[in-house]
Structure formats: C-alpha cells, structure tokens
Amino acid sequence: MLKSSTQQQKNILSTVIGALPDNRPITSLQLVEEFEKCPKHFLPINKTYDQDQDADLWREKMLIGKRTTRYLCLSKSEGLPGYIVETLKIINEKEITPEGFSQLMRTADTEQKAWRKKQLVYRLAKKGSAKQAVTDIILCSRLRQAPEGFTLAGDINGILVCFKLSPVPHRPSPSVPTRQSITDLEKTIENLKIQSSVSNPQPQDHEYEQLLSSYQLSPKPVAPKSPMYSTGTLNIHTDVEGVPFMLNPALKHYATEIPPVYKLTDTQLEYDFHLERQVLCTTKSQNVQLTNPFFQ
C-alpha cells in the first residue's frame, strides 16, 4: 500500500513537472531513423506542432519496401559540457556548412545517411558567454510561418522547422572574501553583541522579594515535567503552582481604574418574544402553534 502511494505521488509530480514550461537551453541534437530508439536523455520530436501528425523529416513516399524515416531528437543535459545550442539554420544538402556551425551526418541508431535534399545545422556557444539560446524546437506540417514566440529556421521536405530563443541567465560569481573584510565583519558582530548586552541588561533577582507577610509559599509538589490534567479525582499539578500572583513592581506607578459596571433595570430586561412568534407563525403548522409555549 505504501509503495503504491509513493508511486502515485511520483506520477503526479512527473505530470506537474511535464506541464511546466522548460526554459533550459538545448545542449545537443541527434537524428534517428526510429524515434522509439531515441538515445538516452534525449526527447524525440515525432509529432507536428500544428496538426499532431507524423513529424518524419525524410518525407519520401515508398510504394514497395521499408519506409525510410528521420526524426529529430533534442537534449538539455547531454552534449559538450559547458556548451549550449545558440541558433539553428536550414541549408541545402550539398551546401557547405557555415563557419561555426555543426551538422548531423549520420543517424544515431542505425548510422545511416542523415538528410535528403536539405539538412539542419546548429551553432554551439559557451554557456557563460551566450546571451540567448535555443530552448525549444517545433515542427509544423501546415503552417507557413512561425507561431508567435518562435523563429523560422526553414523547411525540410515540406516540414517547417521553428525554434524558440530565450535569454540565458547569468549569475555573477561570488567574490572571494579578503582577510580585511573578514576582520571588519568580526568587529561588527562583536560590537553588536556589546550593544545588545548594554541595551538589554540582565534582570535582577528582586522582582518577587516584596511579598505579603501573611503569604506562605506552598511546597512544590513532585510532578512530571509535562503538565498533568485530570478527568477524574486525580490531583492536577501545573508548572505555575507555588508562584505568587502579584503585579510587577515596575507597573505600580501606573494608575489603574476599574470602569463602572453598567447595570440593567427590570424594565430593560423585559422581552415579549413578539418576533419569535411571528417567525413561528409563518413556518410552523397550527398543531405546532397549539403546543408551542410561545403561544400560551
């Protein structure tokens, strides 16, 4: 039962995480012939964004024989450490790869030729120096322009390739503290301790010295550390037993006056229950009216 509950919590967490937008930069791209054989830690794009159809990039009609397919896969954890995909571009199959760009030559699962007629190339950049990066790639089979928020890279055999660019957050590296800064910090902490001890002096043990002469301190009963409460005939012991109930001497100079108690006369206490009778008249039957004391 516990195992089933734990698995259910994991499934719910995975669903929530999957529904949230993932703005991490893409770090690596691969091409496969069968999307079921996508490499580990890669996500295949096997459906188009606009029509939820097959996102095959080879797009060659075969009447006889095995159908050839190509599917793009992306990862946000694999690839060259410290590098991210900065931009994408679509070029012709025999076109020279632009300077600084990388290309996919073979499928990752079958080592077959990657592209037909056109190909996708991408440029990597160091994560620490890049201002923006590719965070998502979609394929469209019907749209002729990129959806809002996406940039058009081009089309491959009738499939529109679009990508999303997002700024890369850069956190400034923490400065290494010098010996002087550490010394100044220690002095500041010490000064705060001194000021705290001066502004909050230790209370003197004279608060309960002025006791009434007739007051007798009862011996402290033996009781457990935690309070005991009785629901029957057992004695009740609390931590405040034996502590005198008296006003703090520091508050004696404040004048305390008890306000007069407001007294009501017999006439003001009279009430004829006229409203209640009206309510019962409208909500109850005649039999209830005969037996109800309000109508006596």
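Biologist: Which residue forms a salt bridge with Arg 67, and how far apart are the closest N and O atoms?

Modeller: This is a predicted model, in which local features need pLDDT of at least 70, side-chain atom pairs count only at pLDDT 80 or more, and totals for chains, interfaces and linings use all residues. Residues are numbered from 1 along each chain as its sequence is written, and side-chain values use heavy atoms, with hydrogens and water left out.

Asp 54 forms a salt bridge with Arg 67, and their closest N and O atoms are 2.7 Å apart. A salt bridge here is a side-chain nitrogen of Lys or Arg within 4 Å of a carboxyl oxygen of Asp or Glu. Asp 54 and Arg 67 both lie in the loop between strand 2 (43-45) and strand 3, 13 residues apart. Strands (E, at least two residues) and helices (H or I, at least four) are DSSP runs, numbered from the N terminus.

Arg 67 has a relative accessibility of 45% and counts as partly exposed; buried means under 20% relative accessible area, exposed over 50%, and partly exposed in between (1.4 Å probe, protein chains only). Asp 54, at 25%, is also partly exposed.

The side chain of Arg 67 also meets that of Asp 56 in a salt bridge, at 3.5 Å from N to O. Asp 56 lies in the loop between strand 2 and strand 3, as does Arg 67, so this pair ties together parts 11 residues apart in sequence. Asp 56 is buried, at 2% relative accessibility.

The structure holds 8 salt bridges.
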